[in-house]
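This report covers the lining of a pocket, a sheet and an annotated domain. The sequence and structure come first.

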Amino acid sequence: MAGLALAALMTASFAATTTSYAADEELVLNGGFENGTTNWIVNNGNGADGGTLATTTDAYSGTSAGIVTGRTTTGSGPMQDLTGKVTAGQTYALKGRIKYENANGPATKQFFATMHYGGSTYTNLVSVTATKGEWAYFNGTFTIPAGQSVATARLFFETPWTQTPSTAPDTHLMDFKLDDVSVIGAPPPPPPSKTIEVAGKLPGEHNPLIGHKFGADGFGFVDNGRVYMYMTNDTQGYAPNPTTGVSPSINYGNINQITLISTTDMVNWVDHGEIQVAGPNGVAPFTNNSWAPGMAKQVVNGEEKYFLYYANGGGSSNVITGESPTGPWSSERTSTLINGSTPGAQGVSWLFDPAPLVDDDGEEYLFFGGGPASTSMPAAERFNNPKNIRVIELGDDMISTEGTAAVVDAPVAFEAAQVFKRGDKYYLSYSSHFGGTDFGGSQTPLPGYPGGGQIGYMMSEDPMSWPKEAYAGVMFPNQSQFFGAGTGGNNHQSVFEYEGKYYFTYHAPTLNKRINGNTTQGYRSPHIQELTFKEDGTVNQVVGTYAGVDQVRDFDPYRVFEGETLGWTKGVATAKIDGGSAEFGASAPNLVVKDIDAGDWTGLSSVAFGENGAATVTAKVKPIQAGGAIQVRLDSADGPVVGTIDVDGATGAWAEVTADLEGATGTHDVYFTYSGATGDLFELDTLAFTEGEAAPSLDVAVTAGTRCVAGKAVVTVQATNHEDVPVSLVIESSFGTKSFASLAPGKSVAHAFTTRLTSVPAGVASIDAAATIEDELVTASHDAPYNARSCG
């Protein structure tokens, strides 16, 4: 290792005292080993490396130093991972003390501080020649080449490389001590902000479903009156350039989380955050990716469970188990559910896009597959009937399969099979391919078959039988037909039923487009349209719109609800924090709204304050700086302010703050606009409104009518006092006014208004009543209609 990159030392300057560093900080943790060996291990860059790292009281300074013994290679020395701390093109100052005391070793020995950048890339950074028994001093600088990848950056200390160090261990593998290690320099800039600063979901529009993050391959699932949407977490790789606002293109290989949102009204969506499904820290760490989720619920051994299926890249599919639609989640498997050994899956290129179906008879099925057609087929068949989708029965445990997968002969199929049932018919929708060499070359599909990137569908009376004759047409054309330039590409859909209506989910990069214009980088957003049917059961082709679907009910504000319940947003993000959800329970994740700056806002659609209106609003907030405020506005982000919450709690501590409201009555869109100084203002956890008291009224019954007297019409009004106290009355009609100073409890009074007309049109008489109740003057008005009358 040391001998492989000695040339790097030519650029190292040992005049560290003359070098200036901007925004420098210490990048090494526990460099003096005062906290034991925390943050240090013995370098293990290759399989032969090995040794034991401990601490010793023979320190250059302080009470401890590190000591490595039993070294098996020259590179087997103390190592600390600096990945994520250093940047290509930057210069760093390195210092440290090193000492060896091997009695049979040489009088002097060279040591290197070396960086391992992954693979076989090792670079010596700083060198020192030590005298046996004395502390030697590393003191130099190094510059990481501008083109060097720092995805891995591991700093370790070693002796010069030799191929067979074990032939002279006293010379090459001596024990040595290390102390006071320091690497100082500018840390890498913080990662690009993922916060979407534009209003990507425009007020009044219902697509895309959310405007503060992305999500693709949405799978709609209904449970206990709530719609849940499970999505591929496209936001995971989103990294917009701070200057241009443009992110590199999406990298599907990095996605290992599922994004979850839910609603009860189809417009205001709660962000439940991300489920860490795959990867080293995932629920199922034996999988690497989590794409295209599917969701089902089933009772297993008397216990209600939730099953989240997902694609582990293109090579397999898997399932994790939840205690509720939001988790917590666990893995009951130690290997993937669908893979190359699944009976009947052989010959399917992509064993992904798992979509479960729990039939109304309790039987369970899983649809999966896609990708290039088998080269053994004739070219025309590869194009029109690639036979690349499968269906297999699931075991009663929902985490195993039974029998052999059957072929779904979907015309021009590519991927994304999903099935729902309506009446006695099963509907299978899927995404069609774009042709090319994987499908037998450029061809024209058979008449009626879908074109590239469309959602076709089939109908069957048997969930395991899908011959090509079951093809029924195109359910949804390509999204670019509706949303224009930059929104094309493949799609992934689902259909679900909610409160008697069917809904079609799909994705399109509409939010990405609103951020960057007509150029998009592949970051997709969830959409929903209503799905309707013809009399024969076939579907009416879905039309994609920004308008989306209607709100099915007004939003109820009189409860504690999550601040990340979002109809529309501008400039905010969300993040998980410790603890459970105030709205969804202790086992559900808790999120907050963050990155709140002056001028940002969030909005809710159709909030029903009612006739009495809202008296107060309470927000649970954590101030980041003093002076922040939340204005509650009606109908738009610059609409009338009905109340202002001063975020005046202690900085860094959660607190509940309340404001009185005036004028928050009826049903309105409600916007929370944020104001304060420059920078992040506060985080928002929950909101709650309290209802105002009903206006006092008087129980006075009023009737009105008409009659004829001597050929003239008369309007008669009668009032009855049902209160326990006397009331005063003023009766008014188009033909006069009559007052009664006091009407006793339980008594009635009547008055006839002579019109001197032979006929009168229909009209309304009114009574203003007043009484003193518990020393308070209470007033009320009552109207009494009467019919037209002709006395001629």
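## Largest pocket

In this predicted model, the lining of the largest pocket divides into 13 nonpolar, two polar and six charged residues. Here Ala, Val, Leu, Ile, Met, Phe, Trp, Tyr, Cys and Pro count as nonpolar, Asp, Glu, Lys and Arg as charged, and the others, Gly among them, as polar. Of the 21 lining residues, F221, L357, V358, V495 and F496 lie nearest the pocket centre. Elements giving two or more residues to this lining are β12 (216-223), β16, β20 (355-358), β24 (413-422) and β28 (494-498). The largest share, five residues, comes from β12. Strands are DSSP runs of E of at least two residues, helices runs of H or I of at least four, numbered from the N terminus.

The space in the pocket is about 540 Å³. A pocket is an open set of points on a 1 Å grid over the protein atoms alone, where a 1.4 Å probe fits, with protein on both sides within 12 Å along at least five of seven lines; lining residues have an atom within 4 Å of a point. Points are joined across faces, edges and corners, and the volume is the space filled by probe spheres set on them.

## Four-stranded sheet

Strands β16-β17-β18-β19 form, in that order, an open sheet with antiparallel pairing. Its edge strands, β16 (291-300) and β19 (329-330), each pair on one side only; pairing requires at least two DSSP bridges. Seven bridges join β17 (residues 303-312) to β18 (residues 316-322). Y310 stands opposite N318 in β18.

## Annotated domain

An unreviewed UniProt entry annotates residues 559-690 as "domain: CBM6"; such annotations may be inferred rather than shown by experiment, and positions follow the numbering used here, with feature names shortened. Over residues 559-690 the chain is 0% helix and 65% strand, with the end C-alpha atoms 8 Å apart.

## Basis

Residues are numbered from 1 along each chain as its sequence is written, and side-chain values use heavy atoms, leaving out hydrogens and water. The model is predicted: local features need pLDDT of at least 70 and side-chain atom pairs count only at pLDDT 80 or more, while totals for chains, interfaces and linings use all residues.
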